[in-house]
Amino acid sequence: MRRFLIAGNWKMNCGPVDAAELLEGLENAKTEVAEEVDVLVCPPFVSLGMSVNYLQDTDIHVGAQNIHFEDNGAFTGEISASMLTECGCSFVIIGHSERREYFGETDSSVNKKIKKALAFDLVPVLCVGESLDQRKQDIHFDLVKNQVTAALEGISGDEALDVVIAYEPIWAIGTGETASKEQAQEMHAHIRGVVADLYDQETADEIRILYGGSMKPANAEELLSQPDVDGGLIGGASLNAESFAEIISIAEKLS
Ligand code: PEP
């Protein structure tokens, strides 16, 4: 039985002052404790420490939005996996489409980062997804299959169980446009099939696959009701405490 994971990707928003305000809002907005749902917030690096401290007596997990794949050294501006665990992080987003598009991340760097995250007991949230152009060309299933396969290369079945996959169609990120529930379900089922081919059906049945792309309270229920959708990676709506809390409640209700 897969538990929902509702994850907020704050992107380059909320330094420590705004982060504290957002977390306080989230605490106030949460009417029920989400017992059946895993909740994660991914603030920018500078707000990780305060978020971990702020949330220490709660069940809300804190994750980062990126790591470097080396342990340490002359990599100006980068953050290592051990730094994140030292900070109290337990998750890390890897291969977000914005990082692939603007910061030159490749399937190969994504694979190295996933291996490094796993080595440091950080749960990698592996992002995959196609552009609108790729969907129009009808190559989206192959593209996502290749992204998942490349990202998991050299990772054992046991380790893969600790990976969360997020299907994020690029055309739906930050655009207000969402994949329909049918589009989400068919791609999630496809990804689960890819995982079954790479490992086995048991692994595929256990791995969590989140949907990301303009998820908000108004569409969360229909997306989260799909059999292969195990949660959401939420950008814009996670910056609003009420909206994020509402999505958590919807997931709780569906659990
Ligand atoms: C994201 O950045 O992962 C995302 C899904 O953003 P949004 O919800 O704003 O589309």
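What follows is a chat about side-chain contacts, charges and backbone angles in a predicted model.

Student: Before we start, what are the ground rules for this predicted model?

Tutor: Local features need pLDDT of at least 70 and side-chain atom pairs count only at pLDDT 80 or more, while totals for chains, interfaces and linings use all residues. Residues are numbered from 1 along each chain as its sequence is written, and side-chain values use heavy atoms, with hydrogens and water left out.

Student: OK, salt bridges. How many are there?

Tutor: The count is 14 salt bridges, taking a salt bridge as a side-chain nitrogen of Lys or Arg within 4 Å of a carboxyl oxygen of Asp or Glu.

Student: What does arginine 192 pair with?

Tutor: Arginine 192 meets aspartate 230 in a salt bridge, at 2.8 Å from N to O. Aspartate 230 sits in the loop between H11 and strand E8 (231-234) and arginine 192 in helix H9 (residues 181-198), so this pair ties together parts that are 38 residues apart in sequence. Helices here are DSSP runs of H or I with at least four residues, strands are E runs of at least two, and both are numbered from the N terminus.

Student: Is aspartate 230 buried or exposed? And which residues are in the network with it?

Tutor: Aspartate 230 counts as buried because its relative accessibility is 4%. Arginine 192 is buried too, at 6%. Buried means under 20% relative accessible area, exposed over 50%, and partly exposed in between (1.4 Å probe, protein chains only). The salt-bridge network links Arg2, Arg192, Asp228 and Asp230.

Student: What about arginine 100, which residue does it bridge to?

Tutor: Arginine 100 bridges to aspartate 107, with the closest N and O atoms 2.8 Å apart. Arginine 100 is buried at 16%, whereas aspartate 107 is partly exposed at 29%.

Student: And what is the partner of glutamate 105?

Tutor: Lysine 113, with the closest N and O atoms 2.5 Å apart. Glutamate 105 and lysine 113 are both buried.

Student: Switching to rings. How many aromatic pairs turn up?

Tutor: Searching the whole structure gives 2 aromatic pairs. In one of them, tyrosine 102 and phenylalanine 103 have ring centres 6.4 Å apart and planes at 90 degrees, so the pair is edge-to-face. The rule is that rings of Phe, Tyr and Trp (its six-membered ring) pair if their centres lie within 6.5 Å, with planes under 30 degrees apart called stacked, over 60 edge-to-face and the rest tilted.

Student: Are those two buried or exposed?

Tutor: Tyrosine 102 and phenylalanine 103 are both exposed.

Student: Where does cysteine 14 sit, and what is its phi?

Tutor: Cysteine 14 is in the loop between strand E1 (4-9) and H1. Its phi is near 75 degrees, a positive value in a residue other than glycine. Cysteine 14 counts as buried, at 15% relative accessibility.

Student: And where is serine 214?

Tutor: In the loop between strand E7 (208-212) and helix H11 (217-224). Serine 214 has a positive phi of about 55 degrees although it is not a glycine, and it counts as buried at 18% relative accessibility.

Student: Last one: where is glutamine 147, and how far is it from isoleucine 60?

Tutor: Glutamine 147 is in helix H7 (residues 140-151) and is buried at 9% relative accessibility. Glutamine 147 and isoleucine 60 are 87 residues apart in sequence and 29 Å apart in space, C-alpha to C-alpha.
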